[in-house]
Amino acid sequence: NLGQRENDQFYHPLYGYLIEDAEIFKRLFILCFLIVIFLLIQLYHHKKMYKAIVIPLVFSLGFTVVTSHQFLINNQHEQKINLGLDPNGEVIKEYRFYESHVNANIKKLNNQKEYFTPLNYKIRFNTDKGFLQSKVSIKFKIEKVKEELKINLYHGFKINTITLNNTEVNFTRKGDIIIIPIDKHKDINELMIDYEGKSSPLFYANSRAIFLPGNFAWIPSFNLTPSLQIYEGHFHRNYSQNTGNVEYEVEYLGSMKIFTNLDKKDSNTYRKSTTEGVSIISGDIMEVNLSSSTIYIARTWERGLKEYSSFSKFLDKVVQEVNMTLNKKIEIPKKIFIIPTTGIYDEAFTEDIWTFSDHWLIGYPLYTSFHDKSLLNKEHLINSLVPALTWKNDGIYRENLFMVTLFDACFSNWLGHQIGFHNDDYLNFTLDSLSSYYKNRKEVTQVLYKLKALKKEEFKQIDRIFFANWYDMLKTKQNDWIGLEELIDKYNNNHKERGE
């Protein structure tokens, strides 16, 4: 093992084995150091062989210095992918950061929407040095005069300079939020941010692979929702890029082949106007054209595409039911990424899929052993698609995810029955977990008791209007548990009046 960080780590379908430059130089340094020790011992015991020993000793000392220097540089700057173990404490640091820095009052943070409108982005970036290096130019319009501008950018990136209308400005940072004073401004302003550094351990970007999805604030964003929040002791990913229609131009300066939701203009430039931000994916990926779709899939998962026709039909059925029930107009886009979800808490269905208007990111757990039938994992798909097509798709932010998790479990169970998939495991698990967690809160236990009663009376028979009303309640953020109990009682009363 010349360069793998941990001997017991398995193969990552997008990234490969965890062979890293820092680990290679570390082992070469140890080897050179041992040779130096050996030669010094020989020189001590065989002084007459001075001339024969001194030359290889000098070379060995030189190699020892070089390899130690390279190890220190790469170990400090190169981002290392995390597969669950946390040898450098990066995940723990990330957890503690978001546990203490996420501002609970998102409404107050996002009240700047009425003041600033982003118009276009020009993004130049590179990851060949093992970390992200980026320069982003943003043109934005000031709708109402405000004394400061807040921008959302992942806190792990070091900001080198910020200029506003070609003048370098001072700024302050509070967590992921950059605060820039606006003394002089025009109607249309240009902001330039030069930054670099290691990305989040959940969203990697180095010389081996890139996973920078459109929900993560890897580019400066006017949407101040935190990229991550802590839920039940684990990470939850939020949508943190811009929500309005913005023109993006990306110039990639690195050596890897990248894939993105933007349209390719030349060998390294991509451009598009979109409401969904920018996703950049790179690694051991293959591009496959199937029917009218372009599928980007980990190369070692290719055999799973044998089930693509059934997989596509299943997605269609789920989308149709969601559209009919919640009065949506979601369409499956032409670009679909099928990739391993990287990070901790990947057993949670809410973390695996993101559905944007111009591309979908369908993640499967990292440990998935892909064979001919793996792509059509109905339980995984339906339970992951429901949150992706509903509250995640609509940008609904919740500090407490219990209510949306309960909605996910109930709606996905009902939806599954409508399309011929019957599996109560996730619903049973969610109801039992919440009953145990909220055992001392009467208003919650009453709701859960009534939902369990509905489940016993054939949950699949519930009218779709029940879920439409429940979802409307989630969007308005009224008193969740009391409102949900009233909704259940109203359904039960109507059910009895109809004599059903």
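The chain has a mean pLDDT of 84, with 85% of its residues at 70 or more; pLDDT is the predictor's confidence in each residue, from 0 to 100. This is a predicted model, so to speak only of what it shows: local features need pLDDT of at least 70, side-chain atom pairs count only at pLDDT 80 or more, and totals for chains, interfaces and linings use all residues. Residues are numbered from 1 along each chain as its sequence is written, and side-chain values use heavy atoms, leaving out hydrogens and water.

Five strands line up as β17-β18-β19-β21-β20 in an open sheet with mixed pairing, where two strands pair if DSSP finds at least two bridges between them. At the edges sit β17 (285-290) and β20 (353-355), each pairing on one side only. β20 joins strand β21 (residues 360-365) through three bridges, in the antiparallel sense, and W354 stands opposite L361 in β21.

Then there's S134, in strand β2 (residues 132-142). S134 is buried, at a relative accessible area of 3% (buried is under 20%, exposed over 50%, partly exposed in between, with a 1.4 Å probe and protein chains only). Beyond its neighbours within four places in sequence, S134 is in contact (heavy atoms within 4.5 Å) with I123, R124, F125, I193, D194 and Y195.

Key: Helix = DSSP H or I, 4+ residues; strand = E, 2+ residues; numbered from the N terminus.
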